[in-house]
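Let's walk through this protein together, from the overall picture down to single residues. Keep the structure open beside you as you read.

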Amino acid sequence: MPPVVLALRRFPNPRLTGIGAGLFACLTMFVLACLDRLLFDSSELLYGLLFLPVSALTALWVRPADLVTAPISVPIAFAVGVFPISGGSDGFGGQLMGLVTALAVHAGWLYGGTLIAGLIASVRKVRLMRARRQYVLAREQRGAGGPERSPRAAAAARSAGSAQPDPAASPAAAAKAVRAGAGSAAARRTQRP
C-alpha cells in the first residue's frame, strides 16, 4: 500500500450518529470561533478556512445510516460558530443583526463547506450502494451454482428421499416442480380450483 494510505488509516475513524455529528460540528465551530476572537481579533477569513475541514470531518465521521444529516448539520454549525465573531452591537436586536449580517457576508464559506459535506456524503453513499449490489450479486451467484445449501434444507431432502429440488437453492426450479405436479400435497391442494 502507498504510505499516504497507511498514514490515513492511522487517523481516528469514529462513526457518529446524525445528532452526534451535528453536535461535533457545532461545538467545534463554536470553540474555534472563540479562539479566533481571542487570538486573531475575529478574523472571518480564518473562521471560513477552519470551517472547511470541520465540514469534511463531519461528513467522513457520520455513520452510513445517517449520511443525509451531514449536509444539514454543517450550515447549522456555521451559524452557531459565527455568533462569537459576528460583532453585533449591545442588546438582543443588535446581536441578531450582527449574526444575520455575518451569515450574509460569509455565505461563500457556508456554501463551500456545505458543498464539501454534500460531496463526501454522496460519494460515501454511492460506494455503499455499489458494495451492497456486489454483495447481493455474489450471493445470488453462490445460490444459483447450488454448492451451498442450508443445512436444514439438505437434511430435509435426505430424509424425504424425494427428488424435489431445494426451494432455497433455486426458487425457479421449485416453481417448475410445483407446476409439474411434483410439489407437496399442500401445494397441490392450493392449486385445485
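Accessible areas come from the Shrake-Rupley method with a 1.4 Å probe, and for residues only the protein chains shown count as cover. On that basis, the accessible surface of the protein comes to about 12,800 Å², and carbon and sulfur atoms hold 67% of that surface. Please keep in mind that this is a predicted model, where local features need pLDDT of at least 70, side-chain atom pairs count only at pLDDT 80 or more, and totals for chains, interfaces and linings use all residues. Residues are numbered from 1 along each chain as its sequence is written, and side-chain values use heavy atoms, with hydrogens and water left out.

Start with the overall plan. The protein has 9 helices and 0 strands, where helices (H or I, at least four residues) and strands (E, at least two) are DSSP runs numbered from the N terminus. Along the sequence, the pattern reads α-α-α-α-α-α-α-α-α. Of the 193 residues, 26% are buried; here buried means under 20% relative accessible area and exposed over 50%, with partly exposed in between (1.4 Å probe, protein chains only). Contact means heavy atoms within 4.5 Å. Among contacts with a separation of 6 or more, 65% join residues 24 or more positions apart.

Now look inside. A nonpolar core is a set of buried Ala, Val, Leu, Ile, Met, Phe, Trp, Tyr and Cys residues joined through side-chain atoms within 4.5 Å. The largest such core has 22 residues, and M29, Y47 and V82 touch the most other members. Two or more residues of this core come from each of helix 2 (18-40), helix 3 (44-61), helix 4 (70-82), helix 5 (92-105) and helix 6 (107-145). Leaving out residues up to four places away in sequence, M29 touches Y47, L50, F51, V54, A77 and G81.

How do helix 2 and helix 3 pack? Their angle is about 160 degrees, and their axes lie 10 Å apart; axes are lines fitted to C-alpha atoms, for helices over the stretch in contact, and angles run from 0 to 180 degrees between N-to-C directions. Helix 2 and helix 3 are therefore roughly antiparallel, since angles under 35 degrees count as roughly parallel, over 145 as roughly antiparallel, 65 to 115 as roughly perpendicular and the rest as oblique. Residues making the contact include A21, M29 and A33 of helix 2, and Y47, L50 and T58 of helix 3.

A33 is buried, with a relative accessible area of 0%. Not counting residues up to four places away in sequence, A33 touches Y47, G81, P84 and I85. A33 and I85 are 52 residues apart along the chain, yet their C-alpha atoms are separated by 6.4 Å.

Move on to helix 4, where you will find S73. S73 is buried, at 9% relative accessible area. Beyond its neighbours within four places in sequence, S73 is in contact with A21, G22 and T58.

Helix 4 also packs against helix 5, at an angle of about 130 degrees and with axes 10 Å apart. That angle makes helix 4 oblique to helix 5. F78, A79 and V82 of helix 4 meet L99, A102 and L103 of helix 5.

Finally, is G87 buried or exposed? G87 sits in the loop between helix 4 and helix 5, and counts as exposed at 66% relative accessibility. Its C-alpha atom is separated by 9.4 Å from that of M97, 10 residues apart along the chain.
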